[in-house]
Amino acid sequence: MVAKFDQRQGSSDGGAILLQAAERRLGLTSALAAGLRDDRQPGKVQHELRELITQRVMAIALGYEDANDAARLACDPVHKLLVGRDPSTARTWLRNLLCRVLKCSGSQGTLRMTEALADRVIERHRSVCMVAPVASPSI
């Protein structure tokens, strides 16, 4: 048996597609992006705020905890799919861009993102509890 890993469009993060499905169901990255202020000039924006947040959240979930891998992941076809981009296109994001956007949002943006995350967690727990209520023990 011969195994070749020389595909130009190959990725080792295929399981991320399952994460994307869960994210779409929860709407976490959209909620996080909604809490941030985007002061960039609209005509010059190439990467929507939701895409930047999705890229970062997915990278962390896949074990890329710091942004040092951003340049390499920008070329990864699965990571392009995660943010809704065509996997055959060129790079999709820049590491420093998200840092600048988050820095411009300041402490109020951080607070709004924290509230959005807490709201999603509470909403998820409520929906789980309502679907499967715990039966009371019979005596």
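Trainee: Which residue forms a salt bridge with E51, and how far apart are the closest N and O atoms?
Mentor: In this predicted model, the partner of E51 is R85, and the closest N and O atoms of the salt bridge are 2.8 Å apart. The pair links distant parts of the chain, since E51 sits in helix α3 while R85 belongs to the loop between α5 and α6, 34 residues apart.

Trainee: Is E51 buried or exposed?
Mentor: E51 counts as buried, because its relative accessibility is 12% and the cut-off for buried is under 20%. R85, with a relative accessibility of 25%, counts as partly exposed.

Trainee: How many salt bridges does a search of the whole structure find?
Mentor: The search finds two, and one of them joins the side chains of E123 and R120, with 3.4 Å from N to O. These residues are three apart in helix α6, so about one helical turn separates them. E123 is partly exposed at a relative accessible area of 46%, and R120 also counts as partly exposed, at 26% relative accessibility.

Trainee: Changing topic, what does the secondary structure come to?
Mentor: The protein has six helices and zero strands, which gives the pattern α-α-α-α-α-α when read along the sequence. Of its 139 residues, 30% count as buried.

Trainee: Which residues make up the largest nonpolar core?
Mentor: That core has nine residues in all, namely L28, A31, L32, A33, L36, L49, I53, M113 and A116. Helices α2 (28-34), α3 (49-61) and α6 each supply at least two residues of this core, and the largest share, four residues, comes from α2. As background, nonpolar side chains in soluble globular proteins tend to be buried together.

Trainee: Where is A116, and what is it in contact with?
Mentor: A116 lies in helix α6, which covers residues 95-131, and, leaving aside its neighbours within four places in sequence, it is in contact with A31 and L32. A116 counts as buried, at 11% relative accessibility. The C-alpha atoms of A116 and A33 are separated by 9.2 Å, although these two residues are 83 residues apart along the chain.

Trainee: And helix α1, which of its residues are buried?
Mentor: In α1, which spans residues 16-26, the buried residues are A16, Q20 and E23. Seen down the axis of α1, its buried residues fall within an arc of 65 degrees, so they line one face of the helix. L18 and R25, on the other side of α1, are exposed.

Trainee: What covers the buried residues of α1?
Mentor: The cover includes α2, α3 and α5. If you follow the chain past α1, you come to G27, whose phi is positive, near 70 degrees.

Terms used
Residues are numbered from 1 along each chain as its sequence is written. This is a predicted model: local features need pLDDT of at least 70, side-chain atom pairs count only at pLDDT 80 or more; totals for chains, interfaces and linings use all residues. Side-chain values use heavy atoms; hydrogens and water are left out. Buried means under 20% relative accessible area, exposed over 50%, partly exposed in between (1.4 Å probe, protein chains only). Contact means heavy atoms within 4.5 Å. A nonpolar core is a set of buried Ala, Val, Leu, Ile, Met, Phe, Trp, Tyr and Cys residues joined through side-chain atoms within 4.5 Å. The arc is that of the directions from the helix axis to the C-beta atoms. A salt bridge is a side-chain nitrogen of Lys or Arg within 4 Å of a carboxyl oxygen of Asp or Glu.
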